[in-house]
Amino acid sequence: MSSVLRPDLPHVIVVGGGTAGLASAWQLAERGASVTVLDPRVAPHEDGSHGGFTRVTRHAYHEGTSYVPLVREADALWCSLESDPGELLVRTGMIEFGPPDEPEFVGVLQACEAFDIEHRLLDAAELRRTYPFVVPDRWQGCWTPSAGYLRVPACLGAMRMRAQALGVDVRTGVGVVAVETGRVVLDDSALEADAIVVAAGVRSLELLPTPDVSVSVLRRVLFWLRPKVEPAGLPVWGALTPSGFFYGFPPGHEGLSGLKVACHTSDAIPGLDEPVDPEALDRSVRTEDWAPVADFLRAFMPSVGLDRIEHRVCMYGATASRDFLIDRHPSMPGVVVASGLSGHGFKFAPALGRLVADLVLTDAEPQPEFAWAQHR
Ligand SMILES: Cc1cc2nc3c(=O)[nH]c(=O)nc-3n(C[C@H](O)[C@H](O)[C@H](O)COP(=O)(O)OP(=O)(O)OC[C@H]3O[C@@H](n4cnc5c(N)ncnc54)[C@H](O)[C@@H]3O)c2cc1C
């Protein structure tokens with residue numbers, strides 16, 4: 001693949017070479033922009049929001065139907081980076097289950113109906129028969145074959161390689177100290193650019209002089225278990241229970257061996273959404289991290305057992321609404337921020353890169369729920 005640089009387009013510095021940064025660089029370069037990416041580290045790494053090897057991708061988006069076209073666009077772009085199907089996106093399908101009146105479960109079904117997403121409803125008996133889930137009689141499941149998981153290291157590597165093939169200069173070992181209009185400040189120098197994309201994950205807003213919006217850093221723990229009984233045929237799954245959204249992956253060997261399980265959201269877990277300092281992140285497992293997951297497993301997946309073998313601690317950069325922040329800075333011309341991916345942004349990355357490229361290269365309006373004004 002050769003680069004077709006267009007000198008009429010701006011030179012863009014992308015601050016952050018993680019999920020949103022590499023996607024933005026790739027999409028900008030596809031359109032001919034000259035791009036430099038700066039990051040102190042080489043992604044994947046554990047000091048950000050993409051650690052833990054795998055990420056769920058799902059189409060029946062209960063968080064808001066405006067995400068459905070984006071995930072479809074992203075899916076196609078992920079697949080465009082694959083030499084062989086399944087290299088990046090492993091389409092296992094997904095089973096989501098919960099009480100039929102649980103708002104998130106209702107949202108899954110609404111998204112299926114609104115966007116004609118292939119799905120099948122299961123009653124509790126079929127759920128219990130087919131999967132290792134023990135659920136009350138009135139609960140239901142929704143099977144969507146379009147869902148699956150993304151292999152994070154391969155995805156990041158493929159985006160970087162495609163971007164580099166298009167001429168992007170990816171510099172690692174370079175941390176940005178501050179972003180100003182028209183330039184980024186490094187430790188002992190500064191670099192000028194026509195446009196700057198701030199995609200430094202949980203550290204994005206600290207680089208801006210007057211962020212005027214809020215993104216909290218939240219701590220999440222991923223667990224790997226050695227199941228008592230190997231759950232045959234288990235796809236990606238999500239439990240939309242009254243005590244929270246728990247999810248997991250098929251047993252396998254993606255980075256770590258075992259059955260990966262985690263809690264995404266819960267109003268019932270004290271302190272889960274307490275903001276933390278990324279520089280002082282506690283990487284140990286606390287009682288309050290494991291107890292709710294263990295309670296969930298005891299109640300709904302008893303055949304799996306509680307033999308915990310590994311864990312990873314990761315950070316969400318979360319907005320209050322959990323919608324992303326992808327917009328031009330209101331008072332810094334030429335600066336676009338792509339941050340606040342709120343613990344569910346990985347699957348969308350290539351489509352978010354395209355949104356960033358639109359904001360940098362055209363006078364496109366931001367997607368309404370991602371606009372700066374929504375996060376003040
Ligand atoms: C536990 C967990 C589970 C998740 N599960 C899912 C899921 O199943 N599905 C899904 O779609 N999403 C999921 N997500 C969310 C998704 O992984 C994140 O939203 C996404 O990876 C965030 O991308 P980012 O570019 O904002 O941050 P990152 O990918 O962390 O990239 C930020 C980059 O900026 C760099 N940087 C930091 N400071 C500077 C600086 N001063 N100068 C230059 N560079 C800098 C960092 O080194 C890093 O490489 C999950 C997140 C977590 C934490």
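User: Which element gives the most to the shell around the ligand?

Analyst: Strand S19 does, contributing three residues to the shell. Strands (E, at least two residues) and helices (H or I, at least four residues) are DSSP runs, numbered from the N terminus, and a residue is near a molecule or strand if one of its heavy atoms lies within 4 Å of it. This is a predicted model, in which local features need pLDDT of at least 70 and side-chain atom pairs count only at pLDDT 80 or more, while totals for chains, interfaces and linings use all residues. Residues are numbered from 1 along each chain as its sequence is written, and side-chain values use heavy atoms, with hydrogens and water left out.

User: How many residues surround the ligand, and which are the closest?

Analyst: The ligand is surrounded by 34 residues, and the closest are Thr-19, Asp-39, His-50, Arg-55 and Cys-314. By class, the shell is made up of 16 nonpolar, twelve polar and six charged residues; here Ala, Val, Leu, Ile, Met, Phe, Trp, Tyr, Cys and Pro count as nonpolar, Asp, Glu, Lys and Arg as charged, and the others, Gly among them, as polar.

User: Which domains does the shell around the ligand draw on?

Analyst: It draws at least three residues from each of domain 1 (11-50 + 152-215 + 321-375) and domain 2 (94-145 + 218-314), with bounds that come from an automatic or database domain assignment.

User: What does an oxygen atom of the ligand find in the side chain of Lys-347?

Analyst: An oxygen atom of the ligand lies 2.8 Å from an N or O atom in the Lys-347 side chain.

User: How much of the ligand's accessible area does the protein cover?

Analyst: Of the 1000 Å² of accessible area that the ligand has on its own, the protein covers 96%, by the Shrake-Rupley method with a 1.4 Å probe. Two or more residues of the shell come from each of helix H1 (19-30), strand S2 (34-39), strand S3 (54-57), S14 and strand S19 (308-318).

User: Which way does S14 run against S18, and how many bridges join them?

Analyst: S14 (residues 216-225) runs antiparallel to S18, joined by four bridges, and Trp-224 stands opposite Lys-260 there. Strand S16 (residues 244-248) is likewise antiparallel to S18 with four bridges, Gly-248 having Val-261 as its bridge partner. Strand S17 (residues 252-254) pairs with S18 in the antiparallel sense over three bridges; two strands pair if DSSP finds at least two bridges between them.

User: What sits in the hairpin of S17 and S18?

Analyst: One residue lies between the strands, and Gly-255 in that hairpin takes a positive phi near 80°.

User: Which residue other than glycine has a positive phi near 55°?

Analyst: Ser-342 does, in the loop between strand S21 (335-339) and helix H7 (349-361), and Asp-116 also has a positive phi near 55°, in the loop between helix H3 (103-115) and strand S6 (120-123). Ser-342 is buried, with a relative accessible area of 2%, whereas Asp-116 is exposed, at 69%. Most residues other than glycine have a negative phi, and most peptide bonds are trans.

User: And where is the cis peptide bond from Ala to Pro?

Analyst: The cis bond runs from Ala-43 to Pro-44, with omega near 5°, and Pro-44 is in the loop between S2 and S3.

User: What does the side chain of Thr-36 contact?

Analyst: The Thr-36 side chain makes a polar contact with the His-11 side chain, at 3.0 Å. Thr-36 belongs to strand S2 and is buried, with a relative accessible area of 6%.

How values were computed
Polar contact = N/O pair within 3.5 Å; in protein donor to acceptor, adjacent residues only side chain to side chain. Buried < 20%, exposed > 50% of the residue type's maximum accessible area, 1.4 Å probe, protein only.
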